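Reader: I have a protein model open on my screen and I would like to learn how to read it. Could you take me through it step by step?

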Amino acid sequence: MAEYATGGYFHTESTAARPNFIGSEVGLITKTVQVPASLGKQDGKFKIAPAGTVIPANDATAQGVLFEDADVTNGDRVGAIVTSGHLLGKQLPAEPTAEAQEALLAKGLYFDDWVPAVPETPTK
């Protein structure tokens, strides 16, 4: 019987600690998406798309922010993105561009540490 139990079912892997980027859990909405392997970064022997990555790209096409790390070592992976709620943009692995922030703001995703530029009003 012991020969069956020696294979081990548990595997522990040390990874980098990442800062929390959730501003508040109130109003947080996540959706399931396909995380492309092209967003992964090599982390030891694994290719990881880090939590906080803007999906699908850090530009005006932004749909949300990856909720947790996704292992894309073997190709695309199903993951969750935050599409609505409050985040801390300066804690993300790459700060969203102004275009990405505007696109995400239009979807209901707010960055508590980012204030949108207010157009100057002409003075008389």
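Author: We will start with the model as a whole and then go through its parts. This is a predicted model, in which local features need pLDDT of at least 70 and side-chain atom pairs count only at pLDDT 80 or more, while totals for chains, interfaces and linings use all residues. Residues are numbered from 1 along each chain as its sequence is written, and side-chain values use heavy atoms, with hydrogens and water left out.

Reader: What is the average pLDDT of the chain, and where is confidence lowest and highest?

Author: pLDDT is the predictor's confidence in each residue, from 0 to 100. Here the chain averages 85, and 79% of the residues score at least 70. Confidence is lowest in helix α1 (residues 2-5), with a mean of 49, and highest in β5, at 96. Over residues 1-6 pLDDT stays under 50, and the model has 1 contact for them beyond four places in sequence; a contact means heavy atoms within 4.5 Å.

Reader: How many helices and strands are there?

Author: Helices (H or I, at least four residues) and strands (E, at least two) are DSSP runs, numbered from the N terminus. This chain has 2 helices and 8 strands, and from the N terminus on they run α-β-β-β-β-β-β-β-α-β.

Reader: Which strands form the open sheet, and in what order?

Author: Two strands pair if DSSP finds at least two bridges between them. In the open sheet, 3 strands follow the order β2-β3-β6 with antiparallel pairing. Its edge strands are β2 (41-43) and β6 (70-71), each of which pairs on one side only. β2 meets strand β3 (residues 46-49) over 3 bridges: Asp43 stands opposite Phe46, and Gln42 has Lys47 as its bridge partner. β3 and β6 are joined over 2 bridges, with Ala49 opposite Ala70.

Reader: What lies between β2 and β3?

Author: The two strands form a hairpin with 2 residues between them, and Gly44 in the turn has a positive phi of about 70°. As a general idea, most residues other than glycine have a negative phi, and most peptide bonds are trans. Another positive phi, near 100°, belongs to Gly108, which follows α2. For a peptide bond that is cis, look at the one from Ile55 to Pro56, with omega near -5°; Pro56 is found in the loop between β4 and β5.

Reader: How much of the chain is buried?

Author: Buried means under 20% relative accessible area, exposed over 50%, and partly exposed in between (1.4 Å probe, protein chains only). Buried residues make up 30% of the 124 residues here. In soluble globular proteins, nonpolar side chains tend to be buried together.

Reader: Which residues have the most contacts inside the largest nonpolar core?

Author: A nonpolar core is a set of buried Ala, Val, Leu, Ile, Met, Phe, Trp, Tyr and Cys residues joined through side-chain atoms within 4.5 Å. The largest one has 14 residues, and those with the most contacts inside it are Phe21, Val54, Ala62, Val65, Leu87, Leu104 and Leu109. At least two residues each come from β7, α2 and β8 (109-111), and α2 gives the most, with 3 residues. Apart from this core lies another of 9 residues, among them Leu39, Ala70, Val72 and Ile81.

Reader: Which residues of α2 are buried?

Author: They are Ala100, Gln101, Ala103 and Leu104. Because they cover an arc of only 165° around the axis, they are on the same side of α2; the arc is that of the directions from the helix axis to the C-beta atoms. The buried residues of α2 pack against β4 (54-55), β5 (64-66) and β8.

Reader: Is Gln101 buried or exposed, and what does it touch?

Author: Gln101 counts as buried because its relative accessibility is 2%. Not counting residues up to four places away in sequence, Gln101 touches Glu95, Pro96, Phe111 and Trp114. Thr83, in strand β7 (residues 77-87), is also buried, with a relative accessible area of 11%. Leaving out residues up to four places away in sequence, the contacts of Thr83 include Ile29, Lys31 and Gln63.
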